[in-house]
Amino acid sequence: MKKTIVLLAVLLVSVSLVFAGGSGESAGSKGSKVVKIGVYEPASGDNGAGGKQETLGIQYANYVTPTVNIGGTEYEVQLVIVDNESSNDKAVTAASELVSKGVSLVLGSYGSGVSIAAGDTFASAEVPAIGVTCTNPQVTLGNEWYYRICFLDPFQGTVLANYAKDSFGAKKAYALAKLGDDYSVGLCNYFIKAFEALGGTVVYETFPEGTSDFAAYVANAKKSGCDVFFSPVSIEAAALIIEQANTQGLSMPILAGDTWDSNVVLGAAKGTKVNVSVTTFFVEGSTDPQITSFVSGLKSYLASNATAMTNNGGNDEIAAVTAMGFDAYYTALEALKKAGSTKGADIQKVLPSVTYKGVSGDIAFDANGDAVRTVAYVKKVDNATGKWQFVSVQSVK
Amino acid sequence: MSRTVLEMNDVTMQFGGVVAVDSFSMHVDEGEIVSLIGPNGAGKTTAFNVITGVYPPTNGNVFFNGEKIIENHPRGKMKKLYAGKDNGKYTGHLEPTPDMITKLGIARTFQNIRLWKSQTVFDNVLIAKHLRRTSNVFSATFRLNMAEEKRQREETAELLNILGLYDVRNNNCTSLPYGLQRRLEIARALATKPSLLLLDEPAAGMNPQETIDLTNFVGKIRDDFKLTVCMIEHHMDLVMNISDRIYVLNFGALISKGTPAQVQADPVVISAYLGEDENA
Amino acid sequence: MEKEKKKDLIISLAVIAAVYAIVAVLEAVLPRTSMLFTVLKKGSIYALVAVSMNLLNGFTGLFSLGQAGFMLLGAYTYAIFTIPVEQRAAVYQYFDGGIIQFSLPVFLGIILAGVVAAFFAYLIGLPVLKLKSDYLAIATLGFAEIIRALFQWDKLGGLTNGSNLLRRFPVFKSTLFPMTVAGICIAIIVMLINSTYGRAFKAIRDDDVAAEAMGINLAHHKRLAFTISSFFAGISGALLAMFQTTVQAAQFKSAMTYEILLIVVIGGIGSVSGSVISSFLFIACSEWWLRFLDNADTYIGSFHVPLLRPGFRKVVFSIVIMAIVLLYQRGIMGDKEFSISGIRKKIAARKAAKAKKKEGTK
Amino acid sequence: MGFFQTNLPYLLAGISTGGQYALIAIGYTMVYGILRLINFAHGDVFMCAALMVIYSASYLPLYISLPLAIVATGLLGFAIERVAYKPLRTAPRMSAMISAIGMSYLIQNLALYVTGGLTKYYPPVPFISDSIEIFGAMTKRVTVITPFVTLFLIIVLVSIIKYTKIGIAMRAVSRDFETAQLMGVKINSVISATFVIGSLLAAIGSTLFFSNYTGVTPTVGGMPGLKAFVAAVFGGIGSIPGAVIGAFIIGICENLIKGMGLTTFSDAFTFVLLIVVLMFMPTGLFGEKATDKV
């Protein structure tokens with residue numbers, strides 16, 4: 001009995017060793033040259049759902065454009081996907097896993113915390129990374145290897161504050177963040193700053209990890225007589241908050257950041273009386289041919305690919321993060337073309353000058369490595385149809 | 001009349017409503033071998049546990065070498081529950097932990113052998129020397145106490161020699177035959193350099209031959225180590241052979257005391273104890 | 001006999017030295033980004049904390065589940081006191097630079113990490129160590145959780161940066177750094193275990209009543225073990241912070257303590273070398289060797305391997321663990337130590353057996 | 001009135017969470033009473049129950065899938081005991097506890113694998129999931145029902161333990177394992193029964209819990225599990241009424257704390273409470289004193 005177990009264990013380890021060794025070098029299926037792009041996204045943990053949708057965008061882009069021409073030779077683009085489990089302690093090993101697989105550059109991650117945590121690993125390995133939707137300033141701050149194509153929390157926070165004041169005439173806001181989560185805590189922080197600058201007052205609370213009972217928080221918001229409920233938290237929590245808000249008949253509108261632009265939120269808010277608005281990067285209902293082709297293409301891709309469909313949350317509602325992932329991939333290709341090499345250092349040199357017109361708008365980097373974005377879209381849930389409703393394009397006054 | 005080593009005054013031990021030891025007084029003089037006898041449940045081991053600080057007595061006090069080491073009186077919820085005698089006679093409250101008692105020089109063995117099972121014979125004795133250390137955790141860790149360590153090991157080896165356990169020193173203690181395990185417990189107790197040794201049924205479960213050996217052995221260590229011995233025992237022949245004096249307990253109360261001859265002659269004892277013993 | 005011992009000691013020291021030498025060479029040869037080094041780094045950090053836990057659970061018989069909490073204390077202490085002053089404004093962005101405006105050298109930072117953890121352990125130990133087995137376990141677990149909440153509290157943000165992670169503190173590049181620090185600490189623990197105090201700890205583990213009756217002060221010795229163990233947990237926390245280059249209270253969950261406990265058990269409760277070996281195996285398996293199991297489209301030839309997809313790695317891993325826990329209850333090493341003399345004995349025994357066989361055949 | 005009005009939502013939430021904790025805590029306390037084992041996997045059984053409902057409900061109507069899942073959970077508890085604890089019956093207590101931790105690890109990872117790391121949402125259970133209003137406080141009907149369901153189940157359970165054969169056997173075993181064995185009590189069946197009952201209650205608890213807080217993730221069982229265990233310790237582990245009272249106290253206090261705006265410490269508080277209690281009553285509210293004989 002024990003012997004067999006031992007044998008099994010040994011076998012397993014040896015096999016895995018082979019894999020671990022073998023995974024370092026592998027040629028493309030068609031024997032052509034291969035360039036590896038690391039996809040550093042959570043597939044599990046709090047941000048699992050969002051991470052999967054973002055990955056989906058990248059995968060779809062790779063499915064549309066599987067090759068790239070670098071310095072005259074055609075390379076097959078191979079995605080190396082690794083799960084950072086939405087947790088900072090796994091982030092480092094996940095990142096070094098990518099580095100050791102010899103990726104030329106990295107895309108991701110959904111969730112700022114893990115991106116910040118892995119930043120130094122990429123930098124020290126001289127692998128440039130392009131953040132897709134990690135909006136916390138700390139990601140690129142003082143790290144010349146990290147770039148990103150999304151707007152930042154100070155901007156988003158201000159936009160939301162303005163929106164809260166302009167559209168709802170809010171005087172008092174309730175802000176809810178998740179304890180130990182850089183993204184929500186950071187965004188709340190900027191929202192509070194901006195909102196108070198506009199003469200409002202804010203009740204700020206945090207909930208510990210693993211909370212599923214939001215009754216008390218919603219009750220607090222009601223009790224303190226706030227006009228808006230601001231909670232830019234992970235969509236797992238989002239669904240529960242909406243549920244609870246509905247139960248307690250919360251009359252005030254709920255505001256959130258880009259994370260909430262997800263069909264999970266739509267699903268939760270459908271058929272309720274909860275009024276949910278979000279700021280985001282991308283709006284589906286546009287007539288721009290590039291966007292329409294992306295939308296239709298992705299929808300058919302989803303229809304054809306069952307796992308992709310489940311990763312998208314079971315329907316073909318397109319999340320902004322997916323669009324962002326799509327754009328990030330092409331931005332990466334642009335960088336590779338421009339660099340004319342697959343070496344991280346070369347790519348990093350050219351990245352600042354890379355520009356690309358994506359489905360989420362024009363992408364260009366500033367000195368910090370942050371995207372130059374001046375506008376954010378505001379969408380609200382149509383409770384009847386469970387679809388997004390475009391509200392306005394907001395920019396900072 | 002030599003000096004008194006141990007003195008118990010009106011010690012009462014009460015668990016909830018049960019009075020295990022009822023105002024029991026005894027004294028042990030230097031160099032004596034004193035035995036505590038009585039049927040099971042008479043409170044002998046409880047008396048030992050009081051002396052060694054395992055249980056604080058409900059009432060009464062204990063003197064060792066003339067200084068008071070333990071004293072207590074009914075307190076807290078015992079105030080109401082107390083069913084013993086001499087209530088209010090004692091007012092002090094002195095409640096040392098067992099290790100303090102051992103430091104003072106009272107060592108014991110256990111009725112049900114309690115050796116350190118994962119350790120060798122040698123280590124069982126060596127560990128008992130821990131309390132006589134001068135090193136602190138730092139100096140011990142960084143081996144600044146080599147001299148002391150060396151001395152302790154030598155003393156241990158010597159002790160094992162005397163007690164005839166040297167040859168088995170590297171065996172695990174649990175591998176020893178029963179008799180030797182009891183002997184090892186005594187060795188361990190001696191390693192703490194006591195002046196008073198409390199033996200709790202040292203001959204329990206021994207065959208006649210082993211018992212006779214033990215009889216001589218106890219006398220021998222008493223002389224070699226300048227000890228005073230107090231023991232609980234059921235083997236009457238053993239008790240009668242080596243005891244200088246005997247205390248007889250029954251249901252926690254003292255029913256008789258004196259030399260073996262006196263006790264054997266005492267009708268109370270015969271009826272209460274020896275009688276039982278016949279048909280037990 | 002004594003000579004033998006000396007010889008064995010020298011040999012084993014030589015072996016250890018050789019290991020370090022090999023790692024040094026490898027670092028020169030292999031690309032620095034190789035997964036091997038990541039595993040070695042994290043492995044040695046976990047080895048240290050596992051051994052420190054073993055000192056408590058394995059050698060003193062105190063079932064404590066507070067290890068993650070003490071690592072947190074260590075990690076934060078190190079981070080808070082070593083972040084360069086000019087970086088503080090950037091790190092404590094929401095707490096205008098934080099309240100501490102100086103920074104200590106790395107070495108001091110690490111020591112301080114241990115000291116702080118030990119100090120808290122001492123305070124916590126005063127009440128908690130009176131409790132018996134399971135109650136002690138759950139109480140220490142509770143303390144770890146409380147500490148975690150405290151460090152995330154934004155009222156203390158000036159010190160702990162609230163929920164936001166700490167970064168920009170000095171970190172190590174070479175694998176040898178954590179290996180050396182951990183090595184030294186483990187060596188110290190081993191020396192402690194073999195000292196008169198270590199023997200007293202074992203006595204308490206085997207039978208605390210007897211230990212007390214033989215003059216060992218339980219309260220004092222338990223507190224000693226608890227404090228020392230936490231000291232080293234704190235240091236490993238500091239190392240972990242350096243390894244991750246960032247610290248955040250959120251990660252020091254009870255799950256982390258369970259991981260460490262599993263390492264100790266797999267290695268063998270009461271075996272230092274066991275803990276060390278198993279922690280390297282544990283990390284290598286969970287972070288490296290089994291990762292391929294997460295890769296959904298793995299082909300052997302043209303055959304699409306079923307079941308494989310993100311998460312499968314963990315399933316396989318936890319099944320392996322259960323198998324070990326159930327079939328090898330005493331772990332890899334039991335309570336034995338990996339020693340040259342042990343190997344020699346084995347070889348001798350094998351020789352003898354062979355000889356016997358020969359006799360038989362003749 | 002003012003206090004009552006403002007704190008009613010928290011009280012309601014507290015009472016219902018308390019009830020749900022109670023149902024989990026019973027599982028812990030019974031197992032501990034008999035095996036002296038902290039069944040760390042119990043919280044994950046609670047989570048599994050929810051997942052089973054979710055997956056079965058997507059094929060079957062709720063009135064079938066719900067009972068089905070509850071029964072399945074009972075079997076799961078049985079299986080866990082057989083696989084993870086029975087082999088370690090004679091092993092030192094610590095290794096059984098480790099095995100429990102390992103089991104919890106395994107269950108969580110399996111759940112992670114099956115759900116693919118995505119949150120699953122509990123199907124709305126008709127009637128109990130409806131939103132209602134009492135004294136101006138909006139809540140789900142389940143919030144109001146929970147305490148009654150809990151109390152009812154506990155009465156049933158207690159009478160089982162008092163009057164049925166198996167119940168008496170359980171009491172005997174928890175009093176003295178060896179002697180009970182010598183007296184011919186079928187230890188294994190008693191233990192299995194304990195696990196099954198514990199799991200069934202956990203399953204019902206999970207139905208109540210998740211029809212209130214619908215999101216199910218692989219780790220969702222962790223915190224409620226831990227708190228329920230704390231409740232069990234708090235009430236004196238081994239004692240069923242103790243566990244129930246402990247659970248309600250913890251549930252209510254934790255929600256009131258949130259109400260006071262100390263949300264950061266809503267979890268930490270539970271443990272503070274635990275430690276304070278252990279300091280002053282080392283065996284909890286109703287735990288029997290244990291004195292080791294010398």
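**Entry 1: chain B, its domains**

Which domains does the domain assignment of chain B give? I looked this up first, keeping in mind that the model is predicted. I found domain 1, made of 4-105 + 194-279, and domain 2, made of 114-193. I noted that domain 1 of chain B is written as two stretches, and domain 2 of chain B as 114-193.

Next I asked myself what separates the centres of these domains. Taken over C-alpha atoms, the centres of domain 1 and domain 2 of chain B are 27 Å apart.

**Entry 2: chain A meets chain C**

I moved on to the contact between chains. Chain A brings 38 residues to it, and chain C brings 34 residues. Which elements of chain A give two or more residues to this side? My list reads α1 (2-22), α3 (88-100), α4 (112-124) and α6 (182-197) of chain A. By class, I noted 16 nonpolar, 14 polar and eight charged residues on the side of chain A that touches chain C.

**Entry 3: chain C, its domains**

Last, I looked up the domain assignment of chain C, which gives domain 1 (35-253) and domain 2 (288-326). The C-alpha centres of domain 1 and domain 2 of chain C lie 33 Å apart.

Technical notes. Residues are numbered from 1 along each chain as its sequence is written. Chains are lettered from A and ligands numbered from 1 in the order in which they are written. This is a predicted model: local features need pLDDT of at least 70, side-chain atom pairs count only at pLDDT 80 or more; totals for chains, interfaces and linings use all residues. Two residues are in contact if their C-beta atoms, placed from the backbone, lie within 7 Å. Helices (H or I, at least four residues) and strands (E, at least two) are DSSP runs, numbered from the N terminus. Ala, Val, Leu, Ile, Met, Phe, Trp, Tyr, Cys and Pro count as nonpolar, Asp, Glu, Lys and Arg as charged, and the others, Gly among them, as polar. Domain bounds come from an automatic or database domain assignment.
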